[in-house]
Amino acid sequence: MHLTSLHCNLILAYAVSLDFSFSILLYVLHKNQYASIAKEECMKVARYLKYGTPEVLQIQEAVKPIPKDKEILIQIYCTTVTATEAIFRRGRPYFSRLFTGLLKPKIEILGEEFSGVVTGLGQNVTKFKLGEKVFGTTGTNFGAYAEYVCLDENEVILSIPKNLSYPEAAGSCDGFLTAYSFLNKTAKAETGQSILVIGACGSIGSAAVQIASSLGLEVTAACSQKNHDLALMLGAKYCIDYNSTPYENIKEQYDIVFDTVGKVKYRSIKNILKSQGIFLQAGITLDILPLVLWTKYFSRKKVKISATGLKPKQERLEDFRRIHEQLLRSTWKPVIDRIYSMVELCKAHEYVDSGHKKGNVVIQILKD
Ligand SMILES: NC(=O)c1ccc[n+]([C@@H]2O[C@H](COP(=O)([O-])OP(=O)(O)OC[C@H]3O[C@@H](n4cnc5c(N)ncnc54)[C@H](OP(=O)(O)O)[C@@H]3O)[C@@H](O)[C@H]2O)c1
């Protein structure tokens, strides 16, 4: 049989319609992936499958987790966008990919700090009860860009101090835990010492200024002029505008220089360190690593770094208890800059990418 053009057109139309039907079938299957699951077993999450601009973060449906034996299910009210999460999302600097995945992110749901309510308990949970208001960190698994998360009851989680709102509680974890560990453990800071805090109004910086001043250190804050009032309110005695005053021109010398944001070269602050002074760097840069080793053995001035998130859980929980006490007394308070909703997560990341947030940027997933 010869194929006429009519036959050809019919076959083509049939093929196209088959292809079209198949596409519709795929679409319906995709749409219904979660339709067969009861609504209460679903949750919204923000997932990213590739590195890039904030738009890589996509709000999607996922299955609500079920707590294992020693886990609690937390309904998340607030989480935050930290500078670290912005780095993990960008995949830059490239060396961060050693932890997050070389070509694509290993952890698809970010979100480390959270505040929320315990809505489910594993069979053997003893530390928490249903309905308890909790805050803390998810640890290296992240996962708080979600409506629910399951965490081991021994993670860094405590009851929310009564005087803190959900957004404030979420913004009271990472900055305080990092600053507290650097000052108390890494530098062993003591009353009467002097400290220069660089990036004094960021998340770690705003915590470091409060912790150092309450420990009885004399605090000088390095931040933009517009943030000087905030730094003084947090407990700084002096302020320096890093935009107009190069560190080399500072006449003072300090026991500790704490670069909370990783913006400073050691050589530019070396001369403003006292003879046995310590340079701390939280925003770790690659070029600091040889200096840590060199100064450990060959210099009285020391360069020190620490990855506080990788410290043993028990140690972090102990630190968190100390922080909790001070939050409860209102001696330390989180600085909350902006609050975004979950659908505004990209906007929040864009803002954090600017590198000039004040304290903490909160994502409110559920309002109380
Ligand atoms: N080592 C660890 O254990 C650890 C733990 C957590 C986070 N981190 C890392 O620590 C770093 C800082 O985190 P963060 O959350 O505190 O950052 P952040 O809140 O985003 O820092 C923002 C602050 O940085 C200041 N800043 C920007 N450029 C500056 C410059 N050239 N000189 C001085 N200050 C400058 C801004 O001050 P102005 O607006 O006044 O200019 C702003 O207040 C990140 O790299 C993060 O990944 C390390």
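Modeller: In H2, Ala83, Ala86 and Arg89 meet His349, Val352 and Asp353 of H11. Sorted by class, that contact of H2 with H11 has three nonpolar, one polar and two charged residues. The axes of H2 and helix H11 (residues 345–353) are 9 Å apart, and the packing angle is about 105°. The two helices, H2 and H11, are therefore roughly perpendicular to each other. Bear in mind throughout that this is a predicted model.

Now to the ligand itself. There are 34 residues around it, and Gly202, Ser203, Ile204, Ser224 and Gly283 are the ones that come nearest. The elements that give two or more residues to this shell are helix H2 (83–90), helix H5 (174–186), helix H6 (203–214) and strand E9 (218–223). So what is the shell made of, by class? You get 12 nonpolar, 18 polar and four charged residues around the ligand.

Which domains supply the shell? At least three residues come from each of domain 1 (39–172 + 334–364) and domain 2 (175–310). Those two are what the domain assignment of the protein gives. Their centres, taken over C-alpha atoms, are separated by 28 Å. Where domain 1 and domain 2 touch, the contact takes 10 residues from domain 1 and 10 residues from domain 2. On the domain 1 side of that contact, you'd find three nonpolar, five polar and two charged residues.

Back to the helices that line the site, this time H5. Its packing partner here is helix H10 (residues 313–328): the axes of H5 and H10 lie 10 Å apart, at an angle of about 105°. H5 and H10 are therefore roughly perpendicular to each other. On the H5 side the residues are Phe176, Leu177, Tyr180 and Ser181, and they meet Arg316, Asp319, Phe320, Arg322 and Ile323 in H10. Split by class, the contact of H5 with H10 has five nonpolar, one polar and three charged residues.

Most residues other than glycine have a negative phi, and most peptide bonds are trans. Start with the loop between H2 and helix H3 (97–100), where Pro93 lies. The peptide bond joining Arg92 and Pro93 is cis, with omega about 0°. Then go to the loop between H10 and strand E14 (336–341), where you'll find Ser330. Ser330 is not a glycine, yet its phi is positive, about 60°. Is Ser330 buried or exposed? It has 10 C-beta neighbours inside 10 Å, so Ser330 counts as exposed.

One more positive phi is worth a look. Phe142 sits in the loop between strand E5 (133–137) and strand E6 (148–152). Its phi is near 50°, a positive value in a residue other than glycine. Phe142 has 22 C-beta neighbours inside 10 Å and so counts as buried.

Definitions and conventions: Residues numbered from 1 in each chain as written. Predicted model: local features only at pLDDT ≥ 70, side-chain atom pairs only at ≥ 80, totals over all residues. Near = placed C-beta within 6 Å. Helix = DSSP H or I, 4+ residues; strand = E, 2+ residues; numbered from the N terminus. Nonpolar A, V, L, I, M, F, W, Y, C, P; charged D, E, K, R; others polar. Domains from an automatic or database assignment. Contact = placed C-beta atoms within 7 Å. Axes fitted to C-alpha atoms, helices over the stretch in contact; angles between N-to-C directions. Parallel < 35°, antiparallel > 145°, perpendicular 65-115°, else oblique. Buried ≥ 20, exposed ≤ 12 C-beta atoms within 10 Å, placed from the backbone.
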